[in-house]
Amino acid sequence: MWYVQHRKGYVCGNYYKHGKHVCSQHSIKENELTGVILDDLRRLMNTLNEKDVMEQLEFKVKQAAKQAERQVQSLSRQIEKLKEEKKCFIKLLASKTITEAEYKEVTQSNNEEIASLQSKLSSLTANNSSGGAE
């Protein structure tokens with residue numbers, strides 16, 4: 001359809017460009033076309049079921065919460081594993097299997113990783129408690 005100013009509406013593009021041998025002369029006024037489109041949109045809006053939309057949103061929120069919970073559990077497990085490793089290093093130091101310098105180096109790295117994981121965990125739990133599951 002092509003807009004024609006003097007007709008204040010749209011005409012068949014094939015007819016307008018190639019003539020009556022290709023297509024018939026059919027047209028529609030702009031205000032009629034606008035009305036038809038608005039009616040179609042209103043009908044479409046009426047078919048949207050608020051309950052279905054809410055169910056879809058609730059499903060997405062629950063999925064995001066489950067994913068966040070899995071991340072929290074994973075971070076917690078990593079932190080616990082690092083704490084256990086730290087205990088093992090203390091035993092190695094006590095049994096003089098490693099030197100104090102080696103112990104300090106290993107535990108410093110271990111502590112930095114624990115702090116990083118705890119920071120991620122705190123950020124994640126803060127987002128979840130404020131409804132930030134995205």
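The model is predicted, so local features need pLDDT of at least 70, side-chain atom pairs count only at pLDDT 80 or more, and totals for chains, interfaces and linings use all residues. Residues are numbered from 1 along each chain as its sequence is written, and side-chain values use heavy atoms, with hydrogens and water left out.

Start with the sheet. It is open and has three strands in the order β1-β2-β3, with antiparallel pairing. β1 (2-4) and β3 (27-29) stand at the edges. Each has a single partner strand, so one side of each is left without a neighbour in the sheet. From one strand to the next, the twist averages 30 degrees. The names come from DSSP runs: helices are H or I with at least four residues, strands are E with at least two, and numbering goes from the N terminus. Two strands pair if DSSP finds at least two bridges between them.

Look at one pair. β1 and strand β2 (residues 9-11) run antiparallel and are joined by three bridges. Tyr3 stands opposite Tyr10 in β2.

Helix α2 (residues 30-47) packs on this sheet. The helix touches β1, β2 and β3. Contact here means heavy atoms within 4.5 Å. The direction of α2 makes about 85 degrees with that of β3. Such angles run from 0 to 180 degrees between N-to-C directions, and the axes are lines fitted to C-alpha atoms, for helices over the stretch in contact.

Now find His26. This residue is in the loop between α1 (13-18) and β3. What does His26 touch, leaving aside its neighbours within four places in sequence? The contacts are Tyr10, Val11 and Cys12. His26 and Met1 are 25 residues apart along the chain, and their C-alpha atoms are separated by 9.4 Å. His26 is partly exposed, with a relative accessible area of 34%. Buried means under 20% relative accessible area, exposed means over 50%, and partly exposed lies in between (1.4 Å probe, protein chains only).

Move on to helix α3 (residues 50-94). It has 45 residues. From its first C-alpha to its last it reaches 66 Å, close to the 66 Å expected at 1.5 Å a residue. That expected span is 1.5 Å times one less than the number of residues. Several α3 residues are buried, including Ala64, Ala68 and Phe89.

After α3 comes Lys96, whose phi is positive. Lys96 lies in the loop between α3 and α4. Its phi is near 60 degrees, in a residue other than glycine. Most residues other than glycine have a negative phi. Is Lys96 buried or exposed? Lys96 is exposed, with a relative accessible area of 73%.

Next is helix α4 (residues 100-129), which holds Asn110. Asn110 is buried, with a relative accessible area of 3%. Not counting residues up to four places away in sequence, Asn110 touches Leu82, Glu85, Lys86 and Phe89.

Which residues make up the largest nonpolar core? There are eight: Val72, Leu75, Ile79, Leu82, Ile114, Leu117, Leu121 and Leu124. α3 and α4 each supply at least two residues of this core. A nonpolar core is a set of buried Ala, Val, Leu, Ile, Met, Phe, Trp, Tyr and Cys residues joined through side-chain atoms within 4.5 Å.

Finally, turn to the charges. Side chains of opposite charge can pair when their charged atoms come close. The structure holds four salt bridges. A salt bridge is a side-chain nitrogen of Lys or Arg within 4 Å of a carboxyl oxygen of Asp or Glu.

One of them joins Arg42 and Asp39, with the closest N and O atoms 3.3 Å apart. Both lie in helix α2, three residues apart, about one turn of the helix. Asp39 is partly exposed, at a relative accessible area of 39%.

Another links Glu84 with Lys87, the closest N and O atoms being 3.6 Å apart. Both sit in helix α3, three residues apart, again about one turn. Glu84 is partly exposed at 42% relative accessible area, and Lys87 is partly exposed at 48%.

In α4, the side chains of Lys104 and Glu100 meet in a salt bridge (3.6 Å, N to O). Because Lys104 and Glu100 are four residues apart in the helix, about one helical turn separates them. Lys104 counts as exposed, at 51% relative accessibility.
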